[in-house]
Amino acid sequence: MITFRPLAGAVAAQSPVPLAYLLYLDDVRILLDCGSPDWSPEHSSPQNSYCAALRECASSIDLVLLSHGDLAHAGLYAYAYARWGLKAPAYTTIPVQAMARIVTLEDIEGTRDEQDIPKEESDPQPSTSRDSASHKYIATVHQVHEAYDAVNTLRYSQPTHLQGKCQGITITPFSAGHTLGGTIWKIRSPSAGTIVYAVNMNHMRERHLDGTVLFRPSAGGIFEPLARPDLFITDADRATVTTSRRKDRDAAMIDAIGATLSSRCSLLLPCDAGPRLLELLVLLDQHWKYADFRYPICLLSRNGREMLTFVRSMMEWVGGTVSKEDVGVDGSGKTGSKRRRADDEADDEALGAFALRFKYLEFFLNPQALVQKYSSKEPKLILAVPASLSHGPSRSLFADFAAVPDNVILLTNRGEEGTLARMLFDRWNNSQRGDDTWDKGKIGSNVMMDGSLHLRMNSKVPLHGAELEAYLVRERATKEKEAAQEAAIIRNQRMLEADEDESDEESDSDEEDEVERALNEDPMDTTDGDSAVPTSTRRRKAEKIEDNTDWGLDMDDGLTKTLLSFDIFLKGNVSKATSFFKSTGNHAQRFRMFPYVEKKRKVDEYGETVDVGMWLRRGKVFEQEAESDEIKEAKRKQAEEEAKTVVQEPPSKFVTSEIEIQLACRLLFIDMEGLNDWPCRQNYSPSSKPSQNVHASVDAARALIESCGQIRAMTKDIYAPETDESVQIGQQTNSFSISLSDELLNTLKMSRFEDNEVGYVTGRVVNHLSSTIPILEPSGVSVPADAHVRTDAPRNRVLGSRLARPLPRSTMIGELKLTALKARLASIGIPAELIGEGVLICGAGVRRNQPTDSIEETVAVRKTGRGKVELEGNVSNVYYTVRKEIYGLHALVAA
């Protein structure tokens, strides 16, 4: 039985993002995506109910599947992995793993740079109350790297058979478009059938990506491995949207950018440092090269350079026009070897395709670095993160940017509900005429913003005055304490190494002689008589020895025990050890000794283990001793130069302020999200069985259900669950387990069909006392001799004739695609042509003006009904070849 439960991103949810769904396959729990909300919205609080639900079930999840590498699909995975026990095996593609790591780091570093978020183990309890509105579940940098290092990566069309509790389940990723490495997951279960999880797809080819494999009209329609699933999970957020043509959108963006820069004004384009940024950069780079612009393209991001470096190393995942330029082919089809060599000489660090060099792009870490290089009056195009304008460089620039007349703020996505980006989009969309709104297939026009806007700004400001002095005092005390602890550890390490290096060649007799010599030098306590030295003198000597000896009294207790590991006698004025029993003259006097602690040496099957750290430290010492004075001086100067280049962040504190902005800029929205609309998805839905529609508004879900109801071949089982609503599918399906005997397996003939092997079996079910699972055995079992068998002779039977028995019939599994048959025949040299509907003509009859003998070798293939194929033609080589290819497209199950 299948149970589906949306945790976030459900129908009628407060916001369609983030996405997180629980899929139950019998007793296996699968988490589909693990997105994070925007932690700094303008009005509404983050989705604490979603966080509470995820935290409650995180430790019981058995499998995690990530579909896209952005915050909406994978932003909360690192925190749940580190804090909530989401340790289940996670799978995704290689680009999604890298992109999710980059966008998560960009988000947490930008948030922590403006807000005081504890890095330690304090973990607020998720709650839906108003007091929990300030809770932000933001991981640290170390936790992000640890979480994504544990993710298992796959390639497209790579089936993976899971083990453990998920044994029997097979997962396969397929291309979804929209983002680099975006995935459609195909899940096959022996008890639940086939489930396809496809959200945020794009069937259109873009500049850096190919469309999804799910629906390709040029390849014959639906991708066969994804056809006819038992459950299809998809989104309907754009069910009521008619997307404008990509050519019109690109032209509108280029015109707006060119007109603004030509008028000596600037543009602000909020974006994310994720996979959708690539499409914008490729478009801008191509136009800058074509128009020969000299205006700078500025990217404000901490991890933008790292993202581009990774993409250049993963060119096999890139499609569109970029893949052609990677092999040195320009738009005209001519090779560009000279151009490649010239670019390589100009930029030795550039890797990958020509379109990913971005020689017009400049990187900046913060707005301050941008202002230092370019003044606010110079025209420029600024791409700043994040796209939601909730924090980071984009929000800081917006506060200064929006008050300048004729500046343009260019939005490329609608943003999450409650964010500043969504507020600006709603203002732009409400200002458009009825036919020019973004969901009507039109581009729209820019609008002049007016009025005022109140914003809450979080920032980090340097300390001054008494706050700075108090901070320096605390910092100085902390450094002194750390230096003292480090010195104690180093001294302890040196003493331990010196103790290990003591030569074992000295004999016990030498040690006894040394002790005797020491005793002879100061025999004060060796006799019972009165001492010749006054008591005061002995007291002064004892005090002096105590002052000059490192007893380890000022150290930690742990270090003191370690330092007291020297088995030697104490010299000087040390009192004798007293005993309850009186010592006789024949017994030697006993002196106090250091407490001896035996060292525990680690050993294995090869002997004592080697302290690698000690050898590395000694190796460094040997290298330093072997270096010449010139090398040491060069290293010292290099270290000083590096110390000068490192920017020391001054002591600072986090403050929150309210500002009022007088809006005077222009606002424009151009849809660059890279998502398809519902009319395209209708082509796929009729081939699915029960369908789950998530990630949509109420109106979009209602429009989708009404549209599907008008399709005759469409399933009637369409569900649109709300948040935390569980939908069960297959309650009336009964599954049974049966074991096949060895005799039956030896006679079984299997045929390959998609990812399965199918065979025909007949036998009888036998229950053995030693097994709880029934066994299927061959039916050809002899009848016992003492059994009573009644035979009735049929009437009107001819004497000596045999009883008529029906012959077993073979079964062919699969659906014949005439386009696929045409392609296979063309590969073996037989021409074929489609005429009419459901008729394929094969052989020489396809060509005109052929002799009669050649026309006789013509075969017609017709699909007369569902599951029925007719092959009509003369008996010839072409006939048998076509029939063989038809058989090859099916799985033949012999009876």
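**Sheets, spaces and selected residues**

Guide: In this predicted model, seven strands make up an open sheet with mixed pairing, in the order 16-15-17-14-18-24-19.

Visitor: Which are the edge strands?
Guide: They are strand 16 (361-364) and strand 19 (447-448), each of which pairs on one side only.

Visitor: And how many bridges join strand 18 to strand 24?
Guide: Four bridges join strand 18, residues 408-411, to strand 24, residues 666-669, and the two run parallel. Within that pairing, Val408 has Arg666 of strand 24 as its bridge partner.

Visitor: What does helix 6 touch on the sheet?
Guide: Helix 6 (residues 246-262) packs on the sheet and touches strand 14 (267-270), strand 17 (381-384), strand 18 and strand 24. The direction of helix 6 makes about 145° with that of strand 14.

Visitor: Then which strands does helix 7 touch?
Guide: Helix 7 (residues 276-291) also packs on the sheet. Helix 7 touches strand 14, strand 15 (297-300), strand 16 and strand 17, and its direction makes about 165° with that of strand 17.

Visitor: Staying in that region, which residues of helix 8 are buried?
Guide: In helix 8 (residues 304-313), the buried residues are Gly304, Met307, Leu308, Phe310, Val311 and Arg312. They pack against helix 4, helix 7, strand 15 and strand 16.

Visitor: Changing topic, what is the volume of the second largest pocket?
Guide: The volume of the second largest pocket is about 1500 Å³. Its lining consists of 50 residues, and those nearest the centre are Asp113, Asn366, Pro367, Gln368 and Ser396.

Visitor: How does the lining of the second largest pocket divide by class?
Guide: The lining of this pocket has 18 nonpolar, 17 polar and 15 charged residues.

Visitor: How many cavities of 30 Å³ or more are there?
Guide: Searching the whole structure gives seven cavities of that size. The largest cavity holds about 1000 Å³ of space. It is lined by 44 residues, with Asp70, Ala72, Asp272, Ala387 and Asn413 closest to its centre.

Visitor: And which helices supply at least two residues of the lining of the largest cavity?
Guide: Helix 2 (71-74), helix 4, helix 7 and helix 12 each do. Helix 4 gives the most to the lining of this cavity, with four residues. By class, the cavity lining has 18 nonpolar, 14 polar and twelve charged residues.

Visitor: What does Asn202 touch, not counting residues up to four places away in sequence?
Guide: Asn202 touches Ala176, Gly177, His178, Gly211, Thr212, Gly674, Leu675 and Asn676. Gly674 is 472 residues away from Asn202 in sequence, while their C-alpha atoms are 6.2 Å apart in space.

Visitor: Where does Val846 lie?
Guide: Val846 is in the loop between strand 35 (839-843) and helix 24 (852-856). At 26% relative accessibility, Val846 counts as partly exposed. Apart from neighbours within four places in sequence, Val846 is in contact with Pro831, Ala832, Glu833 and Ile841. The C-alpha atoms of Val846 and Thr858, twelve residues apart along the chain, are separated by 8.0 Å.

Visitor: Finally, how many helices and strands does the chain have?
Guide: The chain has 25 helices and 38 strands. Of its 895 residues, 42% count as buried.

Key: Residues numbered from 1 in each chain as written. Predicted model: local features only at pLDDT ≥ 70, side-chain atom pairs only at ≥ 80, totals over all residues. Heavy atoms only, no water. Pairing = 2+ DSSP bridges. Contact = heavy atoms within 4.5 Å. Axes fitted to C-alpha atoms, helices over the stretch in contact; angles between N-to-C directions. 1 Å grid on protein atoms, 1.4 Å probe; cavity = no way out; pocket = protein on both sides within 12 Å on 5 of 7 lines; lining within 4 Å. Points joined across faces, edges and corners; volume = space filled by probe spheres on them. Nonpolar A, V, L, I, M, F, W, Y, C, P; charged D, E, K, R; others polar. Buried < 20%, exposed > 50% of the residue type's maximum accessible area, 1.4 Å probe, protein only.
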